[in-house]
Every structure is written in structure tokens, then in C-alpha cells.
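Hi everyone, thanks for coming.

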Amino acid sequence: MGLFDAIDIAGSGLSAERLRMDVTSENLANAQTTRGADGQPYRRKEVVLQEAAGGARATFASALEGAMGRTGAAPSRGVQVAAIVQDSAPNRRVYDPGHPDAGQDGYVELPNVNTVTEMVELISSSRAYEANATAMQTAKSMFTRTLDLLR
């Protein structure tokens, strides 16, 4: 484990959470979009995250042994975005015969975006972003303190 690994890992978390906030903002902005570029209602998107090291899930003990060079297992390198996928939930149908995109029966298909769910997702990603920023700041303080002790 290198000197700046903690900062690299926290930085990967910051990037991942920022992307989650961007995707959530896109979902909220398109919550009422009934006709996209393909002519269909907007579909909610989700960010899929995975461990950056890939492969099997590492326990703390295996990561510690890998960092100490006792095994060939590499320590975790943070998190990365595996994919941005569309939510498969059905679209909402609302009776609005005056809407330009209403069907023959007067119903309009609205995106499958729930604003309450998106706000919870936004708060969750914001708190995770803050936690990663705090971890990065703490690592920086520890490094600074260590350098001060070596003087």
C-alpha cells in the first residue's frame, strides 16, 4: 500500500458519487419529458458501481495481507462506475386528453421517475460524497502530521 492510496481511493469515491449526482439531476430534469429523441418517454437511469480492483470481494484481512505482501491478492483500489443502466420499471400513465402526446384513450405516458426517490438518491450520494471528502482530508492531515514529526 502506497503513501497516497487512501487519497486515490477517496478520489475514486468522489468521482463515482459526483456521477451519481449528475445522473440523478438528469432524472429530475426529465421527470416530465414525454417525448425524447427516440419519440418515447424518458427512462430513469441508474449508476452501477463496482469495486475498482475487480474480481472477488476482498475482506479486510485479505486486503491487509495483500498490502503486506503475504499473498498475491491486490488491495482494493476504490470504486468505479460499471455502467449506467435504464430502470425497467413501467412508465406512469396519466389521464390528460388535452396533452399533445395523449393517446387515443386520452392517457399520457410519463417517465418512470419518482421525484421523492430521486431526492433520496440525491441526498444519499451527497452524503457519500461528503464522507469521501472527509476521508481525503483526514488522510491529508495524517500525512502532513507525519511529515511534521519527521522534521
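Of the 151 residues in this protein chain, 23% are buried. Keep in mind that the model is predicted. The chain exposes about 9900 Å², and 55% of that comes from carbon and sulfur atoms.

Now, which elements do we have? There are three helices and four strands, and starting at the N terminus they run α-β-α-β-β-β-α. If we take the contacts with a separation of 6 or more, 71% of them involve residues 24 or more positions apart.

Let's go to helix α3, residues 115-150.

Which residues of α3 are buried? They include Glu118, Ser125, Asn132 and Ala139. Here is a handy rule to remember: an α-helix has 3.6 residues a turn, so residues three or four places apart point the same way. And what do the buried residues of α3 pack against? Their partner is α1, residues 5-29.

That brings us to the other end of the chain. An unreviewed UniProt entry annotates residues 7-34 as "domain: Flagellar basal body rod protein N-terminal". In the model, this span is 82% helix and 0% strand, with its end C-alpha atoms 43 Å apart.

That's my tour, and I'm happy to take questions!

Note on methods:
Residues are numbered from 1 along each chain as its sequence is written. This is a predicted model: local features need pLDDT of at least 70, side-chain atom pairs count only at pLDDT 80 or more; totals for chains, interfaces and linings use all residues. Side-chain values use heavy atoms; hydrogens and water are left out. UniProt positions are given in the numbering used here, feature names are shortened, and annotations may be inferred rather than shown by experiment. Helices (H or I, at least four residues) and strands (E, at least two) are DSSP runs, numbered from the N terminus. Buried means under 20% relative accessible area, exposed over 50%, partly exposed in between (1.4 Å probe, protein chains only). Contact means heavy atoms within 4.5 Å. Accessible areas come from the Shrake-Rupley method with a 1.4 Å probe; for residues, only the protein chains shown count as cover. The expected span of a helix is 1.5 Å times one less than its number of residues.
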